[in-house]
Amino acid sequence: QVQLVESGGGLVQAGGSLRLSCAVSGRTFSSYYMGWLRQAPGKEREFVASISWSGGSTFYADSVKGRFTISRDNAKNTVYLQMNSLTSEDTAVYYCAADVRRVRDNPTYWGQGTQITVSS
């Protein structure tokens, strides 16, 4: 089993920045692809970003490309999501996710989620 715990959520003004962290325990962190998904009120859950085992490959949804950066520190068993130039459209619950393959829409492991609210 893999346990994921997100932190760093909160309220931010439009145009601001936040960094989410996800601490991972259970299995060998470096064996997993990691990622972030989000779900806004009344909307479907959507993929945000993912990163390969080594961190050498990253993938982003078009809506966040150029504004968000995913990274990982395998020594700390932690994955990050740096979010810049936030807009009200980014308001959602953000979930950290892990999988043995590239994280897409339906990963195997999830965190409990952290709320991001962007005020305009």
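This dialogue covers the fold and the salt bridges of a predicted model.

Biologist: How many helices and strands are in the protein chain?

Modeller: The chain has zero helices and 11 strands. Its pattern along the sequence is β-β-β-β-β-β-β-β-β-β-β. The radius of gyration is 13 Å, close to the 14 Å from the globule rule for 120 residues, so the chain is as compact as a globular protein of that length.

Biologist: What share of the residues counts as buried?

Modeller: Of the 120 residues, 46% are buried. For contacts with a separation of 6 or more, 57% come from residues 24 or more positions apart.

Biologist: How many salt bridges does a search of the whole structure find?

Modeller: A salt bridge here needs a side-chain nitrogen of Lys or Arg within 4 Å of a carboxyl oxygen of Asp or Glu. The search finds six. One of them joins R38 and E46, at 2.6 Å from N to O.

Biologist: Is R38 buried or exposed?

Modeller: R38 has a relative accessible area of 4%, so it counts as buried. E46 is partly exposed at 33%.

Biologist: How far apart are the closest N and O atoms of R38 and D90?

Modeller: They are 2.9 Å apart, in another salt bridge of R38. This pair links distant parts of the chain: R38 lies in strand β4, D90 in the loop between β8 and β9, 52 residues apart. Both residues are buried.

Note on methods: Residues are numbered from 1 along each chain as its sequence is written. This is a predicted model: local features need pLDDT of at least 70, side-chain atom pairs count only at pLDDT 80 or more; totals for chains, interfaces and linings use all residues. Side-chain values use heavy atoms; hydrogens and water are left out. Helices (H or I, at least four residues) and strands (E, at least two) are DSSP runs, numbered from the N terminus. The radius of gyration is taken over C-alpha atoms; the globule rule is 2.2 Å times the number of residues to the power 0.38. Buried means under 20% relative accessible area, exposed over 50%, partly exposed in between (1.4 Å probe, protein chains only). Contact means heavy atoms within 4.5 Å.
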